[in-house]
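Dear colleague,

I am passing on the structure we spoke about, with the sequence alongside. Below it you will find notes on what turned up when I went through it.

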Amino acid sequence: MSRQPRLLFLLLFTAIACGYLLFYCLDALPLRLWDEGRRAVNALEMWSGESHLLVPSFLGEPDHWGTKPPLLVWSQALAMQVLGPTVLAVRLPAALATLMTCLFLVYFSARHLKRHWAGVVAALCLVTVPFYMNGHAARSGDFDALLVLWLTVGVLYLYLFLEENSKRTLLLSAVALTLALWTKGVAALFFLPGIFLLCLFVPSYRSALTNWRVYAAVLLPMMSLVGYYLLREIYDPGFLSLLWENELGGRFSQPLEGHRGGPMFYIGQLLLWPTEQPWWLCLIVVPLLYWRRAADRPLLRYLLVLLVTHLIILTLASTKLLWYAMPQVPLYCLLLGLGFQGLLDWIAIEKRDVYTNWFAIAGLVLCLAWPYLNMAHRVAQTQHGPEYSSTTVYGGYLPTLDELATYTLLLPSYNPSAIFYAQLAQRRGIEVNIAYLDTPPVRVHPGAAAVANFPKGTSVVVCEMDPWLHMDGNYRFSASHEISPCKCLKVEGTK
């Protein structure tokens, strides 16, 4: 098979195999608490024209708890323009970004590295990593899948520039960096220290340090981000001080919202991967197969330096969250793919036996079969695990109350997922009030109302234990509607 048809076949195979895991039952699970729910509200209000294009809002006020640039929210609002205000529209940009990451790994490996199987293995590895496919990445309405796409494209095209001095690949890398910055701000810059070290210590890369185009490719994207920050400060005064607290200085110098961990936090998590997917143990051995050829060593060195320096930067930061390490995952997967390609090359050179090659490919299929089938089972789930189950039931229950003209949703604490579904009910013409047992800060929920005395006849919706105990301890009521664990209680008086 010639190169072009082979590449098209591999791209089609990857799109089908990875697309199934990415899109099957994508909207089956309700929106998760925290970031996904808040991004959904941002996108809903931008789609409906309630917020400024440059200033995502939350409940009609500028979102001061989410200071990231708006590229993700724009893409979600655009998806809502096509699909309506649905869970699918919230998650579709992340799923598409992950599929594009998989296809890019295949294209880059075949087109530029002449290693056709490396990209396929990397793509299949990526979509079978539970850490990546669960919350915050591939199948979630969060920033990270989009960030990972742009960073993967950017760092690999920059490698080509350093090796070939191609202006085109430098331009593509600069465009990818711009999109990464507009997705998650300064998190897009964490690979740059490793690239600088490579340029400093690898003789063939040193010319990049005196190339004005390289500085333009870094500074112009950064200037575009600074321009956005300044524009937002004009439309949302006080934003820059919030940005410093939440993104630039505060998150690095002190653990925000209690997200702390020791110096082994990320390394410990990486060591857990082989317990979930045993083939990750191959990372110990397979790069050696790729290192055996002198022509292949620069890429392996490049990837290892970027991974190590990125890990060091994350470890030095005070705020530690597992998904901060997600940009590393496609690079680890590419290392696995290159190692497998090294095995095939060794067989072809040493054994000169085409059947042995097919045996190696069959072995790879067997190794990936269990992780793939296991992930297929996971994505078919229609209920969240215990960490989310009690806080994500509102999406299934609130639409069943559309016959009511008004009701109050009683929440134990901040829950943007419930707020999103309440806003959808309001757009269906229902008056939904939200009250809290534990009132969140103003920057988290502007105008949040603490629980007050409910007058007789008020319909109060409770889905979690604390609101139920509050109602049971203070009011007489009758249950007018119930789908466990949620109940709509009609207040008859106080106790």
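**The disulfide and the cysteines**

A disulfide joins C463 to C486, with the two sulfur atoms 2.0 Å apart. Please keep in mind while reading that this is a predicted model. A search of the whole structure finds 1 disulfide, and the link of C463 and C486 is right-handed, with 120° about the S-S bond. The pair links distant parts of the chain, since C463 sits in the loop between β6 (459-462) and α20 while C486 belongs to strand β8, 23 residues apart. Both ends are covered: C463 is buried at a relative accessible area of 5%, and C486 is buried at 1%.

C488 itself counts as buried, at 0% relative accessibility, whereas C25 is partly exposed, with a relative accessible area of 24%.

**Overall picture**

The protein has 20 helices and 8 strands, and buried residues make up 53% of its 495 residues. Among contacts between residues at least 6 apart in sequence, 74% join residues at least 24 apart. The protein exposes about 21,700 Å², of which carbon and sulfur atoms supply 66%.

Helix α7 (residues 144-164) has 21 residues and reaches 30 Å from its first C-alpha to its last, close to the 30 Å expected at 1.5 Å a residue. This helix is mostly covered, with 19 of its 21 residues buried, and just after α7 the residue N165 takes a positive phi of about 55°.

The largest nonpolar core has 100 residues, of which Y132, M133, L156, Y302 and L303 touch the most other members. Helix α7 gives the most to this core, with 16 residues. Leaving aside its neighbours within four places in sequence, Y132 is in contact with T98, L126, A137, A138, A145, V148, M326 and V329. A second, separate core of 38 residues includes A77, A422, I430 and Y436.

**Two buried loop residues**

P327 is placed in the loop between α15 (297-316) and α16 (329-351), and at 5% relative accessibility it counts as buried. Although P327 and L149 are 178 residues apart in sequence, their C-alpha atoms are 8.3 Å apart in space. Not counting residues up to four places away in sequence, P327 touches L147, V148, L151, F191 and H310.

D236 likewise has its place in a loop, in this case between α10 (212-235) and α11 (239-248). Is D236 buried or exposed? D236 is buried, with a relative accessible area of 4%, and, apart from its neighbours within four places in sequence, D236 is in contact with V55, P62 and H64.

**Salt bridges**

A search of the whole structure finds 10 salt bridges. One of them pairs R427 with E50, the closest N and O atoms being 2.3 Å apart. Because R427 lies in helix α19 (residues 416-427) and E50 in the loop between α2 (35-47) and β1 (57-58), the pair ties together parts that are 377 residues apart in sequence. R427 counts as partly exposed at 35% relative accessibility, and E50 is also partly exposed, with a relative accessible area of 41%.

K495 forms a salt bridge with D472, the closest N and O atoms being 3.9 Å apart. K495 lies in the segment after β8 (486-494) and D472 in helix α20 (residues 465-474), so this pair ties together parts that are 23 residues apart in sequence. K495 is exposed, with a relative accessible area of 62%, whereas D472 counts as partly exposed at 34%.

E482 forms a salt bridge with K487, for which the closest N and O atoms are 4.0 Å apart, and E482 is partly exposed, with a relative accessible area of 47%. Finally, R32, E36 and R91 are linked in a network of salt bridges.

With best wishes

Note on methods. Residues numbered from 1 in each chain as written. Predicted model: local features only at pLDDT ≥ 70, side-chain atom pairs only at ≥ 80, totals over all residues. Heavy atoms only, no water. Helix = DSSP H or I, 4+ residues; strand = E, 2+ residues; numbered from the N terminus. Buried < 20%, exposed > 50% of the residue type's maximum accessible area, 1.4 Å probe, protein only. Contact = heavy atoms within 4.5 Å. Areas by Shrake-Rupley, 256 points an atom, 1.4 Å probe, with all protein chains shown as cover. Expected span 1.5 Å × (residues − 1). Salt bridge = Lys/Arg side-chain N within 4 Å of Asp/Glu carboxyl O. Core = buried A, V, L, I, M, F, W, Y, C linked by side-chain atoms within 4.5 Å. Disulfide = S-S within 2.5 Å.
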